[in-house]
There are 2 protein chains.
Amino acid sequence: MVDAVAAGGGKVVEDPGAAEAIIWLGRPTEELRSLLHGGISWLQLPSAGVENWISAGLVDGSRTVTSAVGSYGPQVAEHALALILASLRRLAACARTTTWAPATVRGSSLRDACVAIVGAGEIGRELIAMLGPLGARTIAVTRRGLPVPGADVSLSTDRLAEALRAADVVVLAAPVTPATTHLMNATTLAHLRPGTHLVNVGRGELVDTEALLAALNSGQLAGAALDVTEPEPLPDGHPLWTHPLALITPHTANPEHLRLAALARRLTENTKRFVAGEPLVAVVDPEIGY
Amino acid sequence: MVDAVAAGGGKVVEDPGAAEAIIWLGRPTEELRSLLHGGISWLQLPSAGVENWISAGLVDGSRTVTSAVGSYGPQVAEHALALILASLRRLAACARTTTWAPATVRGSSLRDACVAIVGAGEIGRELIAMLGPLGARTIAVTRRGLPVPGADVSLSTDRLAEALRAADVVVLAAPVTPATTHLMNATTLAHLRPGTHLVNVGRGELVDTEALLAALNSGQLAGAALDVTEPEPLPDGHPLWTHPLALITPHTANPEHLRLAALARRLTENTKRFVAGEPLVAVVDPEIGY
């Protein structure tokens with residue numbers, strides 16, 4: 001991270017009292033609070049969600065605070081695309097076999113397929129951009145249903161059933177709230193056309209795992225590729241581990257080394273801007289909470 | 001296929017002796033040779049790679065021969081992207097495991113990665129377009145090194161070593177010719193930086209399989225994802241089937257049902273052009289081998 005600051009033209013000082021900016025890689029602590037003297041005009045935080053820093057009173061309007069919003073979305077969207085293509089192209093089954101049997105691999109394609117993306121925060125929006133050149137149509141499902149840039153159709157969650165009926169692939173990239181817990185359950189899964197694929201890069205709690213297994217066994221789902229599960233970690237012996245239509249990645253959409261690399265790039269960019277006196281990326285607004 | 005020809009304004013005749021053109025959906029056989037009388041001015045082949053037809057002496061310059069080059073590109077490019085992401089994100093290892101162990105999954109990302117694409121026909125060009133929103137840089141390596149639309153850098157094959165040294169991912173999408181047989185061998189694989197991934201959606205003969213295995217075992221290659229192999233079919237018991245860094249798909253980049261739909265569209269287009277006396281799509285040049 002020292003290199004990342006230097007690459008942006010910043011100078012790392014040993015005495016915090018002489019610093020004009022703090023780049024904080026840990027959690028919100030009293031130690032951080034003690035470092036925030038009047039000469040500190042910029043505080044860079046390491047996470048995309050900042051609710052804990054706001055509630056700790058560390059974002060009080062007396063200096064510019066920036067988050068990592070926007071730096072991790074591309075990683076997770078890329079993983080979502082990897083899981084979509086793996087499910088459509090039957091890569092889990094291919095990885096598990098030890099004999100050449102093309103007739104058993106009946107892959108399908110994203111071209112002219114309909115992808116419903118539930119949640120269109122930074123992950124969903126990045127994914128929509130990635131799906132464009134693959135020739136897929138996209139339906140973005142968000143709480144309020146406001147038009148999402150790049151999506152062919154934008155719907156509010158109260159029209160989820162409509163999106164599910166149209167989808168060849170459903171991607172979950174929503175936060176967990178009381179309204180989205182078990183969003184995919186026996187009732188909603190029943191809206192899917194037989195042969196649909198489900199990808200989850202949001203939170204395991206978005207899916208009722210028992211209902212998911214039933215949908216895989218009935219053929220309603222042609223595949224499920226999950227980076228998050230309920231329960232998580234998925235216990236040894238769970239039927240999803242060996243289900244021929246399922247692929248599990250153990251919450252590795254944004255692995256630690258990629259997360260730190262993405263943060264380093266953001267540090268370089270924001271240091272450049274800070275040195276040049278330009279507006280920083282991802283300034284936190286304590287009023288709206290991100 | 002009869003419908004596809006009719007849609008292009010062609011007339012299907014029962015007596016091959018009366019035909020002016022042959023649309024051949026099978027393999028290169030003596031039966032095909034026996035049908036090629038002097039009145040046949042056009043032969044449409046069903047595949048994109050034509051090395052077997054050339055070596056069988058069926059492309060001799062005495063008539064126009066067209067291949068299916070260009071009709072399968074989007075499908076195969078999509079499969080190449082699936083294999084790239086599967087290799088980077090370690091999906092084969094994930095598919096084979098039955099326990100939650102995120103620390104063992106050290107995935108990497110296409111963002112800011114360099115992808116060298118050997119062969120920039122339709123597959124390569126489609127893939128370059130797909131890689132754009134993923135933030136990858138691309139080097140297109142072609143026989144003559146002419147600028148390839150969308151590629152960051154275009155090099156001729158005599159500068160292959162340069163491309164290999166720069167690459168995080170190497171994708172083979174070239175035809176097999178005497179010049180490209182075993183293009184990836186012990187010497188060329190040695191140019192790769194340790195940790196590079198190799199994807200082959202071209203032909204198995206582009207890669208010396210023994211050298212590939214050695215590069216996987218030495219760590220020069222971090223992963224190999226192959227839709228085509230040498231030998232093909234890959235025999236039972238071959239070490240690539242169970243290599244932890246390898247993923248094999250059994251020549252399913254362009255599965256039968258998708259292939260036939262694309263071929264039908266090409267037949268209609270070329271029949272239209274043949275009837276109108278216009279230049280056909282994908283005329284084979286026996287001198288260069290595709």
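Contact here means heavy atoms within 4.5 Å. With that in hand, let's walk through this predicted model.

**Chain A as a whole**

Chain A carries ten helices and ten strands. Its C-alpha atoms fill a box of roughly 65 × 45 × 35 Å along the principal axes. Out of 290 residues in chain A, 49% count as buried. The accessible surface of chain A is about 12500 Å², and carbon and sulfur atoms own 54% of that. If you look at contacts in chain A with a separation of 6 or more, residues 24 or more positions apart account for 59% of them.

**The cores**

Which residues touch the most other members of the largest nonpolar core? They are A:Leu81, A:Leu110, B:Leu81 and B:Leu110, in a core of 80 residues. Take A:Leu110 and leave aside residues up to four places away in sequence: its contacts include A:Leu81, A:Ile84, A:Leu85 and A:Leu88, along with A:Val115, A:Leu131 and A:Leu134. A:Gly135 and A:Ala136 are also touched by A:Leu110, and so is B:Glu78 from the other chain. Another core, of 35 residues, lies apart from the largest one; B:Cys114, B:Ala116, B:Leu155 and B:Leu213 are among its members.

**The three-stranded sheet of chain A**

In chain A, three strands make an open sheet with the order β1-β2-β3 and parallel pairing. β1 (21-23) and β3 (64-66) of chain A stand at the edges with a single partner strand each, so one side of each has no neighbour in the sheet. On average, neighbouring strands of this sheet are turned by 10° against each other, direction ignored. Three bridges hold β1(A) and β2 (residues 42-44) of chain A together in the parallel sense, and A:Ile23 has A:Gln44 in β2(A) as its bridge partner. Helix α10 (residues 256-276) of chain A packs on this sheet and touches β1, β2 and β3 of chain A. The direction of that helix makes about 170° with the direction of β2(A).

A:Glu30 is exposed because its relative accessible area is 55%, and the cut-off for exposed is over 50%. A:Glu30 and A:Leu58 are 28 residues apart in sequence, with 9.7 Å between their C-alpha atoms.

**The seven-stranded sheet of chain B**

Over in chain B, seven strands form an open sheet in the order β6-β5-β4-β7-β8-β9-β10, paired parallel. The edge strands are β6 (153-156) and β10 of chain B, and each pairs on one side only. The twist averages 15° from one strand to the next. Helix α6 (residues 122-131) of chain B packs on the sheet, touching β4, β5 and β7 of chain B, and its direction makes about 170° with that of β4(B).

| Strands (chain B) | Sense | Bridges |
|---|---|---|
| β4 (residues 114-118) and β7 | parallel | four |
| β7 and β8 (residues 196-200) | parallel | four |
| β5 (residues 137-142) and β6 | parallel | four |

B:Val171 in β7(B) is the bridge partner of B:Ile117, and B:Val171 also has B:Val199 in β8(B) as a bridge partner. Elsewhere, B:Ala140 stands opposite B:Ser154 in β6(B).

Which way do the side chains of β7 (residues 169-172) of chain B point? B:Val169 and B:Val171 point one way, B:Val170 and B:Leu172 the other, and all are buried. In a regular strand the side chains alternate between the two faces of the sheet.

B:Thr252 lies in the loop between β10 (246-248) and α10 of chain B. Is B:Thr252 buried or exposed? B:Thr252 is buried, because its relative accessible area of 5% falls under the 20% cut-off. Not counting residues up to four places away in sequence, B:Thr252 touches A:Arg89, A:Pro102 and A:Val105 from chain A, plus B:His79 and B:Asp227.

Helix α10 (residues 256-276) of chain B has 21 residues and reaches 30 Å from its first C-alpha to its last, close to the 30 Å expected at 1.5 Å a residue. Its buried residues include B:Leu258, B:Arg259, B:Ala262, B:Leu263, B:Arg266 and B:Leu267. An α-helix has 3.6 residues a turn, so residues three or four places apart point the same way. The cover over the buried residues of α10(B) includes α1 (2-7), β1 (21-23), β2 (42-44), β3 (64-66) and α4 (73-88) of chain B. Just after α10(B), B:Gly277 takes a positive phi of about 70°.

Notes
Residues are numbered from 1 along each chain as its sequence is written. Chains are lettered from A and ligands numbered from 1 in the order in which they are written. Side-chain values use heavy atoms; hydrogens and water are left out. Buried means under 20% relative accessible area, exposed over 50%, partly exposed in between (1.4 Å probe, protein chains only). A nonpolar core is a set of buried Ala, Val, Leu, Ile, Met, Phe, Trp, Tyr and Cys residues joined through side-chain atoms within 4.5 Å. Helices (H or I, at least four residues) and strands (E, at least two) are DSSP runs, numbered from the N terminus. The expected span of a helix is 1.5 Å times one less than its number of residues. Two strands pair if DSSP finds at least two bridges between them. Axes are lines fitted to C-alpha atoms, for helices over the stretch in contact, and angles run from 0 to 180 degrees between N-to-C directions. Accessible areas come from the Shrake-Rupley method with a 1.4 Å probe; for residues, only the protein chains shown count as cover.
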